[in-house]
Amino acid sequence: MKTWFITGANRGLGLEMGKAALAGGDRVVLTSRNPDALRAHFADEDRALAIPLDVTDAQSIEAAVATAVRHFGRIDVLVNNAGYGQLGAFEQLSEKAISRQFSTNVFGTFAVTRAVLPVMRAQRAGHVISITSIAGLVGFGGSSMYCASKFAVEGWSEALAQELKQFGIMTTLVEPGQFRTDFLDASSVRYGDVDVDDYIQYSEDKRRGLDAVSHRQLGEPRKLGAAVVALVASPNPPLRFAAGSDAYEVVENRARSQLAEAEVWRQLSMSTDFE
């Protein structure tokens, strides 16, 4: 029986991963800034613990990890899921908006992982799963800062995997495509806070496109939860997992286009070495 610690577990993908882990017989620490709804939902489940956690607050993180270990004795699986989408063209975003995006999606992920890793190192076992996005693989206009935050977590996780392997700790990046959650709702997504006339039409077109797909996405959150449980059960989990047919297509197209571009410029690339 494994013990999971999931951030941003109050809804969407985080909630479904928690449900799937419980259904598989594991124990789950479900964290959220406001865990009351979680407590009510899992009131009759003794293998579930719902506790408060703000990933941008160091004291909150330390308290949550300590509570989890005190209650269940260990943490086997960390799921870095908390985050939100800061959309809008780069010039439409204030420094405050950019800082807030990185504080949650990047530095919050770093801080929670830093707090959990000593527990996993002492166990000489664990699995760190970070939920990124296809926006961590390719850039999307109108989402530059969200993409930047997810690209940052991708690079960090790839290096972290090499550092943690010696302790028996595995690392996996889960890269979802479009899943039918409230990610694009006003309760989650944020748009630019700087008015720039040249971007008015561009932003309106982008927003209409996103509104049109909201709650019509192809991906089913429940199935992603089950897929993550399968990854954790695997003796050789992947470093990267593309979640959804659209995510798989992004991975495939990126690999092909990146190699094709490198081949076009191969001779110039080679010319920069010493003779």
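Biologist: What makes the pair Glu 175 and Arg 240 a salt bridge?

Modeller: The closest N and O atoms of Glu 175 and Arg 240 are 3.3 Å apart. A salt bridge needs a side-chain nitrogen of Lys or Arg within 4 Å of a carboxyl oxygen of Asp or Glu, so this pair qualifies. Glu 175 sits in strand β6 (residues 169-176) and Arg 240 in strand β7, so the bridge ties together parts 65 residues apart in sequence. Helices (H or I, at least four residues) and strands (E, at least two) are DSSP runs, numbered from the N terminus.

Biologist: Good to know! What kind of model is this?

Modeller: It is a predicted model, where local features need pLDDT of at least 70 and side-chain atom pairs pLDDT 80 or more, while totals for chains, interfaces and linings use all residues. Residues are numbered from 1 along each chain as its sequence is written, and side-chain values use heavy atoms, leaving out hydrogens and water.

Biologist: Which salt bridge does Arg 240 form with its N and O atoms 2.9 Å apart from the partner's?

Modeller: That partner is Glu 154. Glu 154 belongs to helix α5 (residues 144-164), so this pair links parts 86 residues apart in sequence.

Biologist: Now the helices: at what angle do α1 and α7 pack?

Modeller: Helix α1 (residues 12-23) and helix α7 (residues 221-233) pack at about 55 degrees, their axes 8 Å apart. Under 35 degrees is roughly parallel, over 145 roughly antiparallel, 65 to 115 roughly perpendicular and the rest oblique, so α1 is oblique to α7.

Biologist: Which residues of α1 meet α7?

Modeller: Leu 13, Glu 16, Met 17, Ala 20 and Ala 21 do, and their partners in α7 include Pro 221 and Arg 222. The contact's residues divide into nine nonpolar, one polar and two charged. Contact means heavy atoms within 4.5 Å. Ala, Val, Leu, Ile, Met, Phe, Trp, Tyr, Cys and Pro count as nonpolar, Asp, Glu, Lys and Arg as charged, and the others, Gly among them, as polar.

Methods. Axes are lines fitted to C-alpha atoms, for helices over the stretch in contact, and angles run from 0 to 180 degrees between N-to-C directions.
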